[in-house]
Each structure stands twice: as C-alpha cells, then as structure tokens.
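Please look through the sequence and the structure shown below before reading on. The report that follows takes up the strands and then the ligand.

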Amino acid sequence: MQKTILITGGTSGFGKAIAYLFAKHGYNIIITGRRQERLFDIAQDINIQFDGIQIQTLCFDVRDREATIKAISNIDKVLFPTIDVIVNNAGLAAGLGTIDEGNYADWDAMLDTNVKGLLNVSKEIIPQLIAQGFGHIINISSIAGKTVYPRGNVYCASKYAVDALTQAMRIDLLQHSIKVTSINPGAAETEFSIVRFKGDELKAKQVYDGFTPLNANDIADAVYYVANLPAHVCINDLTITCTTQANSHYSIKNL
Ligand SMILES: NC(=O)c1ccc[n+]([C@@H]2O[C@H](COP(=O)([O-])OP(=O)(O)OC[C@H]3O[C@@H](n4cnc5c(N)ncnc54)[C@H](OP(=O)(O)O)[C@@H]3O)[C@@H](O)[C@H]2O)c1
C-alpha cells in the first residue's frame, strides 16, 4: 500500500523540498500552510511531475487550535487510509535581539507556532497513529535547541521546548510502536531569514555571506533517510550543519 506523509509548513523551504522528495519516491502527500495559492501551485506541480500520487492541501494556521482540528478532520480517509509519517516543520524565528529588546508579538509568534502549533497538530494526528499501531513523528527542531546563541533567546527557548517534547513523545508513544525523531538543522538558506528580518532580503542574504549553508534539499534527504529505515530502527536525534558550521556559536565566520 502506498504510504502517506503529512508535512506542516509545506509552502516553502524544508517542507516544500520534503514534499517533492517523498512524492518522487511514491509517497502520497498532505501539505499544510497558510498561503493557499502556494499550496495550490505546489499540489498542481507535484501532480504533473509525479504519476500516481495523491495529494491534499490543508490551509490553516497551526496557532489556531479550532482551525487545526477542523483541517485535520478534513483529511480524506479513503485517499489516505494511513498516515505513515508526520513532519512537524512549520515554524519561524521572528527578530534577533537581546532579551530587553524583544517584543511580545514576536515572542507570541514563535512560541505559539513552534511549540503550541506543533502540539496542536500532533494532538490531532497521534490518535490515528495509535489506532494504526505504527507511525513516525519527525519534529524539525534546530541547533538553536541544543545551544543558545546571542540574541536568539526566545527562538532558542522554543526549539529547546521542541527538543523536550520530542523526548517526551518518544517515551509516551513507545508502547504504541510510534517512532519519534528530532532533526536539528544548522544554518540553511530558505525563507527563514527573510521571515526573521521581516522581509529585509539584504539582511537575510548577509546571514549566509562567506560560507555555503545547508539548503532545503539537504534536510529533505535527511528526513527521507530517517523515515525509511527498517521498522525496528529509530533515529532519535539528528543534528546537521554545513561543513563550515560547528554549532550555534562557531562557524567559519566567527573563528
Ligand atoms: N532555515 C534554517 O536555518 C533553519 C535552521 C534550523 C531549523 N529551522 C526550522 O525549520 C522549519 C522550517 O523552516 P524553513 O527554514 O523551511 O523556513 P521557511 O522557508 O520560512 O518555511 C517555514 C514554513 O512554515 C510555515 N509556517 C510558518 N508559520 C506558520 C503558521 N503559523 N501556521 C502554519 N504554517 C506556518 C510557512 O508556511 P506559510 O507561511 O504558508 O504558513 C512555511 O511553509 C522551522 O521550524 C524552522 O524553525 C530552520
């Protein structure tokens, strides 16, 4: 039977690359995001590029609990009888400043999306994984969830929370044979920095000056690898940086 992957934040960056890679390998795809037009375009393109793939798009904000519940309940159970993999990827950094410079809107956006959004989606999908007796939850955390970096405060806190939740989910879901994995990328050039700097593309570009960062396909490859191991094997935690970055602190730019 064809497998299905559900990816949150499928309109851009890692999520979009994951959708294309899994579709290429014959998975059915459910992608979510807030930008309806992008969801539509990606679904249409995947349908054109890959034969025999079922794809459903769900347009909602993961921060909105009612919308999340409604969207997940709209998954077509005939086209997608099982959810084999769920990638909790939707997330963002908003701003980069010392704790006294922080603003409430940015803090809420990060904590509500990266932590509570991940919980909202997981809570709605986990009962199905338990009923199936299998499934794989892959949480996209960050090296920011392993080492705090200057001016990263609340973003780092949100990813530390993802790290803790990943460990907790793995313990709680062991009895149901559900795999839980955390993937922790380092600097990767997506729309992440454009979002962080609120549309300032020059500032975003400067983040990657002087080195070759990861790209979205690198992370998609890692997700595909961890999701396609034998049933008895679970990668718990996978940290990936580009060759010129050691962790949140040390890269070729600041040695
Ligand atoms: N790029 C990096 O350097 C890096 C490093 C480590 C970890 N990460 C993490 O990787 C994940 C993906 O980031 P990316 O680099 O691929 O960034 P991106 O290109 O900006 O993609 C972020 C995705 O998240 C979705 N999203 C954001 N807020 C949402 C919300 N409230 N509700 C629903 N969807 C939402 C966006 O879709 P819509 O705007 O359409 O809703 C978009 O599809 C994030 O969790 C990020 O923290 C990124």
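**Strands and their pairing**

Strand S4 (residues 85-88) and strand S5 (residues 135-140) run parallel and are joined by 4 bridges; helices (H or I, at least four residues) and strands (E, at least two) are DSSP runs numbered from the N terminus, and two strands pair if DSSP finds at least two bridges between them. Within this pairing, Asn88 has Asn139 in S5 as its bridge partner. The model is predicted, so that local features need pLDDT of at least 70 and side-chain atom pairs count only at pLDDT 80 or more, while totals for chains, interfaces and linings use all residues. Residues are numbered from 1 along each chain as its sequence is written.

**The sheet**

The open sheet has 7 strands with parallel pairing, in the order S3-S2-S1-S4-S5-S6-S7. S3 and strand S7 (237-240) are the edge strands, each pairing on one side only.

Strand S2 (residues 28-33) pairs with strand S3 (residues 55-59) in the parallel sense over 5 bridges, and Thr32 stands opposite Leu58 in S3.

**Around the ligand**

The ligand is surrounded by 28 residues, and the closest are Gly9, Gly13, Gly33, Arg34 and Gly91; a residue counts as near if its C-beta atom, placed from the backbone, lies within 6 Å of the molecule. Helix H1 (13-24), helix H4 (104-132) and helix H6 (192-196) are the elements that give two or more residues to this shell, and H1 provides the largest share, 3 residues.
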